[in-house]
Amino acid sequence: MKVTIDGIEIDVPKGTTILQAARMIGPEVAPPTMCYYSKLKTSGGYCRTCIVKVTQGSTANPNPMPKPVASCRTEVMDGMVVQNITSPEIIEARKGVVEFLLINHPLDCPVCDQAGECKLQDLGYEHGAAKSRYEFKRREYEVIDIGDKIKLHMTRCILCYRCVKVAEQLTDGRVHGVVHRGDAAEISTYIQQAISNDFSGNVIDVCPVGALTDKTFRFKQRVWFTKPMDAHRNCKKCSGKARVWFKGDEVLRVTARKDQWDEVEDFICNECRYDHKKTADWTIEGPSHISRHSVISQNHYEHLNELKVQLMKQQKALGFMSIDKKP
Amino acid sequence: MQLTNRSKLVSHKTQSFSERLYLPAVLKGMATTFSHLFKKRPTIMYPEQKREYAPVYRGQHVLKRDENGAERCTSCGMCAVACPAEAITMESAERKKGEEGLYREEKYAKTYEINMLRCIFCGLCEEACPKEAIFLTDRQVPTEFERDDFIYGKNKLVEPIDKPVDVTKRQTPQVLEFKKKPGLKHNTLFDKKQLK
């Protein structure tokens, strides 16, 4: 099936959604997502961040679709023409979506542990308006402990349902869901029941905002002062491949590795996440790749070691060094 | 070959008799020195006497308290990440129940250090601060004998409750306008009920 997104044509198999097709082309045309998660089934369709304009439905029916559509839930048709960033209408509509997402958001980024790796921050920065027009009281909730390792700030939640899908699909026995409806909807466990499942910690990683945060990392350090390293260990429960966040020699937290769409590559178990906070527990592979547009990349010299090796080679070639020293 | 047109020919004139005597030149110099006795003195008696500083002068930092005496700083790290000299470090802690009068937000700076030897007084920390907590003032950083003494902790940076540091000169009309805005939670007056 041929589909054209922002003027770029691509051939995709049947059943692909517009979002997946756009991601195949690249990050420049892929619409931003807040609730869709490719690793979780039936996710997406809640936040409307990924809306696109379909200017031609298919070759058989070349009429445009009447309204912007959620690209994560709309499958492509042969000959479909889609506009994302090339449509001013969509840019404007997305601005509105961001405004809606931020209506009840407390904007407590200076306090929030997610700041620096928060998708809502990125979204607001890239697609949102500089000011809020909302003048009413924002909804308020008490901060809740979900188990002894996870903190829930319901005020920050955008109700993306990702954590609910994790609880449903990854962990057996669902103990965590959404209660109430509409404006009053909130993420909760039944009477603050502890989540005891081995993979429950992954709700922290899938949360696009700072609603679910790691209690063992709470207020320890701002994310951009820590250095992420890819590391692994032998784990019986999970793949053991994780990202270890250092400050000096100290391991401050362990998360799963994330790909370029900010989605977890391999879900990790709670033991890896919470109980192994010593450098000796991990085999360090090297610094994680962080996009240079992220604040986390400040003061990271990812290619420094390569440069050192090159410099050594040059010096050796010029005869400055005779000893085979490793950088 | 002449390389530039700025070169000058050196003259090798011999001094005349009066010039060799040096006396007129010496008297001329004495007259200049003497004339200064009747001019206004530029020297002032610091520290008893102080010059007026420009309103944009950037001296020693202060960590402000809010109108109820609670520390404004929430240890967000924006100043540290903005600092080009990497002079600022901090550690945060969570506010406990009953400390609402001490710290404004849920999180506060347990330690906050500025290395005054590293600091270049550029004022980027002040610009980055989202909580109106850090300001540069017209105070000078005094000299010390030990390097350690230049690392200023919270004891030197946070303003004393009874002696607030005046930063009105640095709060521009735009800043003050922003602070009046309703709906911005961190700018609204601290809720008195929370204190009890």
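Two strands count as paired if DSSP finds at least two bridges between them. Helices (H or I, at least four residues) and strands (E, at least two) are DSSP runs, numbered from the N terminus.

A word on what you're looking at: this is a predicted model, where local features need pLDDT of at least 70, side-chain atom pairs count only at pLDDT 80 or more, and totals for chains, interfaces and linings use all residues. Residues are numbered from 1 along each chain as its sequence is written, while chains are lettered from A and ligands numbered from 1 in the order in which they are written.

**Stop one: a sheet in chain A**

Select A:Trp245 and look across to S13(A), where A:Arg253 is its bridge partner. Now show all of strand S12 (residues 241-247) of chain A: five bridges join it to S13(A), and the two run antiparallel.

Zoom out and you'll find an open sheet of four strands in chain A, ordered S13-S12-S11-S14 with antiparallel pairing. Strands S13 (250-255) and S14 (283-287) of chain A stand at the edges with a single partner strand each, so one side of each has no neighbour in the sheet. From one strand to the next, the twist averages 35°.

**Stop two: a helix pair in chain A**

Next, pick helix H2 (residues 88-101) and helix H3 (residues 119-127) of chain A. They pack at an angle of about 140°, with axes 10 Å apart; axes are lines fitted to C-alpha atoms, for helices over the stretch in contact, and angles run from 0 to 180 degrees between N-to-C directions. H2(A) and H3(A) are therefore oblique to each other (under 35 degrees is roughly parallel, over 145 roughly antiparallel, 65 to 115 roughly perpendicular, and the rest oblique).

Which residues of H2(A) meet H3(A)? Show A:Arg94, A:Lys95, A:Val98 and A:Leu101, which meet A:Leu120, A:Leu123, A:Gly124 and A:His127 in H3(A). Contact here requires C-beta atoms, placed from the backbone, within 7 Å.

**Stop three: over to chain B**

From the N terminus on, the elements run α-α-β-α-β-β-α-β-β-α-α-α.

Finally, where do the chains touch? The contact takes 14 residues from chain B and ten residues from chain A. Select strand S2 (residues 88-94) of chain B, which gives the most to the chain B side, with three residues.

Terms used:
Two residues are in contact if their C-beta atoms, placed from the backbone, lie within 7 Å.
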